[in-house]
Amino acid sequence: MSLIQELFGESPFEPLVEHTQKVHECVELITPLMDAAIEGDYEEIHRLQDTVSETEYEADQVKNLIRENLPRRYFLPVEREDLDHFLHCQDSIADSVEDFAVVLFIRRTEIHPDLVDDFREFVEQVVQVCDTLMTAAEEMQDLAETGFGGAEADSVRESISGLGEDEWKADRLQRKISKQIYELEDELDPMTIIFYEKMLKALSEITNGAENTGELLRQMIIKH
Amino acid sequence: MSILFVVITAAFGLYMAWNIGANDVANSMADAVGSRSISLKGAIIGAGICEFAGAVLVGSHVTNTVRKGIVSPEALGGNPEAFALGMACALLAAALWLNCASWVGMPVSTTHSIVGAVVGFGVISAGIGAVDWTKMGQIVASWFISPVVGGVMAYLFFLIIARLILGRRKPAKAAPRIAPFIAFFATMVVCLATVYKGLKHIISGGASWLTGDVAIGISLAVSIIVALVAHILIKRYLEGQEERAMHDQLRAVEKCFAPMVVVTSCSVAFAHGSNDVANAIGPLAAVVDVAGTGFQTVHTEVTVPFWVLTLGGFGIFLGLATFGHRVMMTVGRKITQISPSRGVAADVAATTTVLVCSRLKLPVSTTHTLVGAILGVGLARGLGALNRQVVQNIFGSWLLTVPAAAFLSVLLYSLGSFIFLA
């Protein structure tokens, strides 16, 4: 066995982008899920829930593969802890999407007509936060290619700099819906209210996950 | 008797050179093969030619160190036969140790084997004082220093490539401006190491016009031409690419580095030939020298015969052709994460370090220097995942190899002197 051969491990960045893409696939199912819930199409929800669950599992597998291929003796261009946290956080986004799908799946919860527009707006904001993050994280390979510096790193950092504000906007929309739900409390049965809250919680966890993942991406680029 | 002895030693030397060609050359070309910049066949042909050229043109310096620098012939001046026998035994011991080590899958350096073996025979034949410990100290120091210097240089080269080319807003615009400087530097190093003393071997009449100044002039001229050609070719290739998306520009720029990494890997092979051929033919040169006087005296001031250098180069080529391609294939398959730009940075650093060591007559390990250089690129955040355990393996390998080869050499010499000299 040659020393040069022993020196090289498997680069984590290509599978890392693959993980991002898998999570992105999950995120892209949020809007169809919401649409199906609004239309009361439970067959569709069932189908989408299966797809989310499958994709989430695939993302998990990629995550485990990355961790298995990186024993401690390997030396990386990013902080080891940041990479682990990044993977964990990004994976939690897919978990939360699955939670959202499960909430819609286990109970036929009708969306009250007065809430439809607000839910749509909220989901749109959630998906937008994720899209911003995922598009940036999918640049990981190019970032590694440029040694995590220069124009490429600057542009990725700039593109995720607005994540905090976007997440805050999503929070505000969530509070708005919560308030409206209680204004309609006489028309809604308590179980429906509980499930609305569960949906909101899952969705807001998606944006939280995206914000945290973005922060870790930034830390990986600057390395400390 | 003397002819037979020379032939037998030459056979050992050829065998050792074959070993070097079979196992080590693959490492020299690793960056070009791993980054898929050259086909396996091309790599073998390129490496073969460059190893041979390095051995023949620059190989004599380190050869002289192995021949007479470590164990001073004066210490055995009264007994030229013992000196010749010892050198032959050292050569065989080093080759045997190499075989044992690769048999159990442990990567050991030919350089450390031969140095250990020569020291072993020196100590047993004429006592501790027979070894030039100052020289030995320099050699051991160079084993520490060469990977570190290779690493620091590769770190800087990669930072230059990353900051001034890949990190720019328009990498495709920056590449034709910056890359020629790297080409200039690499060519200058190879030329300076080769032209002055190297060409004198092969130009008949000793080439008295070839002074130091002329050599520098020639090197400068060649390097400027190479840099200009690189500039024109890269510019032509990247024409109109600078408006494309960042991702596409980076791909295009990497493609520009592909022909460069082929050239720089060949120069690593050249540097490897210049340094490591001595491991095979240093002892042979000593034996040829002593045998030429009918085992009467040991010369200290003769040049290494041209045919001996050629034999070493040929042996390396043979090893590469018969066995090296397999090693090269497995190495190339494992190190796919290296890209041409990284390869260029590591190669130029390793070539420079090894060639300077060759000219300083220091036997160093090309593979260890290249490992240091690749780690340097890694420290500059240029590579995905590098195994830091290899650093321990390097120290472990020579801490074991030097005594082991020395011990084997002592054993063989004791046996040989019992049979032949008693």
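**Figure 1. Chain A of the predicted model, from end to end.** From the N terminus on, the elements of chain A follow the order α-α-α-α-β-α-α-α-α-α-α. That makes 10 helices and 1 strand. The model is a predicted one. Along the principal axes, the C-alpha trace of chain A spans about 75 × 35 × 20 Å. Chain A has 224 residues, of which 46% count as buried. Among contacts in chain A with a separation of 6 or more, 88% are between residues 24 or more positions apart.

**Figure 2. Chain B as a whole.** Chain B contains 15 helices and 1 strand. Its C-alpha atoms fill a box of roughly 80 × 50 × 35 Å, taken along the principal axes. The radius of gyration of chain B is 22 Å, which agrees with the value near 22 Å for a compact globule because that value applies to 422 residues. Buried residues account for 62% of the 422 residues in chain B. Of the contacts in chain B with a separation of 6 or more, 88% come from residues 24 or more positions apart. The mean pLDDT of chain B is 89, and 95% of its residues reach 70 or more. For the model, ipTM is 0.90 and pTM is 0.92.

**Figure 3. The side of chain B that touches chain A.** Here 39 residues of chain B are in contact with 29 residues of chain A. Seven elements of chain B each supply at least two residues of this side: α2 (25–28), α8 (133–166), α11 (246–292), α12 (306–334), α14 (366–379), β1 (386–387) and α15 (389–421). The largest share, 5 residues, comes from α14(B). By class, this side of chain B has 20 nonpolar, 13 polar and 6 charged residues.

**Figure 4. Strand pairing between the chains.** Strand β1 of chain A, residues 74–75, is joined to β1(B) by 2 bridges. The two strands run antiparallel. Y74(A) has N387(B), in β1(B), as its bridge partner.

**Figure 5. The largest nonpolar core and V97(A).** This core has 226 residues. The members that touch the most other members are L33(A), V97(A), A93(B) and A94(B). The largest share of the core, 25 residues, comes from α11(B). In soluble globular proteins, nonpolar side chains tend to be buried together. Not counting residues up to four places away in sequence, V97(A) touches C26(A), V27(A), L29(A), I30(A), V52(A) and I206(A).

**Figure 6. Surroundings of V261(B).** V261(B) is found in helix α11 of chain B. This residue is buried because 30 other C-beta atoms lie within 10 Å, where 20 or more are required. Leaving aside neighbours within four places in sequence, the contacts of V261(B) include D31(B), A32(B), S35(B) and S37(B). P340(B), G343(B), V344(B) and D347(B) are also in contact with V261(B). S339(B) is 78 residues from V261(B) in sequence, and their C-alpha atoms are 9.1 Å apart in space.

**Figure 7. N64(A), an exposed helix residue.** N64(A) is exposed, and lies in helix α4 of chain A, residues 42–68. N64(A) has 12 other C-beta atoms within 10 Å, so the residue counts as exposed under a limit of 12 or fewer. K201(A) is 137 residues from N64(A) along the chain, and 27 Å separate the two C-alpha atoms.

**Figure 8. Two loop residues with positive phi.** Most residues other than glycine have a negative phi. F148(A) has a positive phi, near 60°, and lies in the loop between α7 (140–145) and α8 (150–160) of chain A. F148(A) counts as buried because 22 C-beta neighbours fall inside 10 Å. In chain B, K361(B) has a positive phi near 65°. The place of K361(B) is the loop between α13 (340–359) and α14 of chain B. K361(B) has 20 C-beta neighbours inside 10 Å and therefore counts as buried, the requirement being 20 or more.

Terms used:
Residues numbered from 1 in each chain as written. Chains lettered and ligands numbered in written order. Helix = DSSP H or I, 4+ residues; strand = E, 2+ residues; numbered from the N terminus. Rg over C-alpha atoms; globule rule 2.2 N^0.38 Å. Contact = placed C-beta atoms within 7 Å. Nonpolar A, V, L, I, M, F, W, Y, C, P; charged D, E, K, R; others polar. Pairing = 2+ DSSP bridges. pLDDT = per-residue confidence, 0-100. Core = buried A, V, L, I, M, F, W, Y, C linked by C-beta atoms within 7 Å.
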